Amino acid sequence: MRTNLKILRVKNHLTQDDMANKIGCSRVSYSNIERGIRQGSTNVWNSIQQVFNIKDEDMWELMKNEK
């Protein structure tokens, strides 16, 4: 589970479907990334970074998969 990613999404009042549309993937794919089932491509993470305007050094906290 990528808890920090989920928290950021919820704080911004976005559903998983909203996020998937913003970054150009399916809701199922986004859900799997958030749940830590899928890693996510560089393009997906770059899109997430742009949606939330996140600095490069802060991206590792979002990408971290807590088991």
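Helices here are DSSP runs of H or I with at least four residues, strands are DSSP runs of E with at least two, and both are numbered from the N terminus. By that rule M1 sits in the segment before α1. The model is a predicted one, so local features need pLDDT of at least 70 and side-chain atom pairs count only at pLDDT 80 or more, while totals for chains, interfaces and linings use all residues. Residues are numbered from 1 along each chain as its sequence is written, and side-chain values use heavy atoms, with hydrogens and water left out.

As for the overall picture, the chain has 5 helices and 0 strands, and from the N terminus on its elements read α-α-α-α-α. Its C-alpha atoms fill a box of roughly 25 × 25 × 25 Å along the principal axes. The radius of gyration, taken over C-alpha atoms, can be set against a globule rule of 2.2 Å times the number of residues to the power 0.38. For 67 residues a compact globule would come out near 11 Å, and the chain's 10 Å agrees with that. Buried means under 20% relative accessible area, exposed over 50%, and partly exposed in between, with a 1.4 Å probe and protein chains only; 36% of the 67 residues of the chain count as buried. Contact means heavy atoms within 4.5 Å. Among contacts between residues at least 6 apart in sequence, 58% join residues at least 24 apart.

Next comes the core. A nonpolar core is a set of buried Ala, Val, Leu, Ile, Met, Phe, Trp, Tyr and Cys residues joined through side-chain atoms within 4.5 Å. The largest one has 15 residues, and L5, M19, I23, Y30, W45, I48 and L62 have the most contacts inside it. At least two residues of this core come from each of α2 (16–23), α3 (27–34), α4 (42–52) and α5 (59–63), with α4 giving the largest share, 4 residues. Take I23 as one member: leaving aside neighbours within four places in sequence, I23 is in contact with Y30, V44, S47, I48 and V51.

α4 deserves a paragraph of its own. Its buried residues are V44, W45, S47, I48, Q49 and F52, and the buried residues of α4 pack against α1, α2, α3 and α5. Q49, placed in this helix, counts as buried at 14% relative accessibility. Not counting residues up to four places away in sequence, Q49 touches I54, K55, D56 and M59. After α4 comes N53, whose phi is positive, near 55°.

Now for the helix pairs. Axes are lines fitted to C-alpha atoms, for helices over the stretch in contact, and angles run from 0 to 180 degrees between N-to-C directions. Angles under 35 degrees count as roughly parallel, over 145 as roughly antiparallel, 65 to 115 as roughly perpendicular and the rest as oblique. For residue classes, Ala, Val, Leu, Ile, Met, Phe, Trp, Tyr, Cys and Pro count as nonpolar, Asp, Glu, Lys and Arg as charged, and the others, Gly among them, as polar.

α2 and α4 pack at about 110°, with axes 9 Å apart, which makes α2 roughly perpendicular to α4. Here M19, K22 and I23 in α2 meet V44, S47, I48, V51 and F52 in α4. By class, this contact has 6 nonpolar, 1 polar and 1 charged residues.

The axes of α2 and α3 come within 8 Å and cross at roughly 105°, so these two helices are also roughly perpendicular to each other. Q16, D17, M19, A20 and I23 of α2 and R27, Y30, S31 and E34 of α3 make the contact, which holds 4 nonpolar, 2 polar and 3 charged residues.

Helix α1 (residues 3–11) packs on α3 at an angle of about 125°, with the axes 8 Å apart; the two are therefore oblique to each other. L5, K6 and R9 in α1 meet Y30, I33 and E34 in α3. This contact has 3 nonpolar, no polar and 3 charged residues.

Leaving aside neighbours within four places in sequence, M1 is in contact with K6, E34, R35, G36, K64, N65 and E66. The C-alpha atoms of M1 and G24, 23 residues apart along the chain, are separated by 21 Å.
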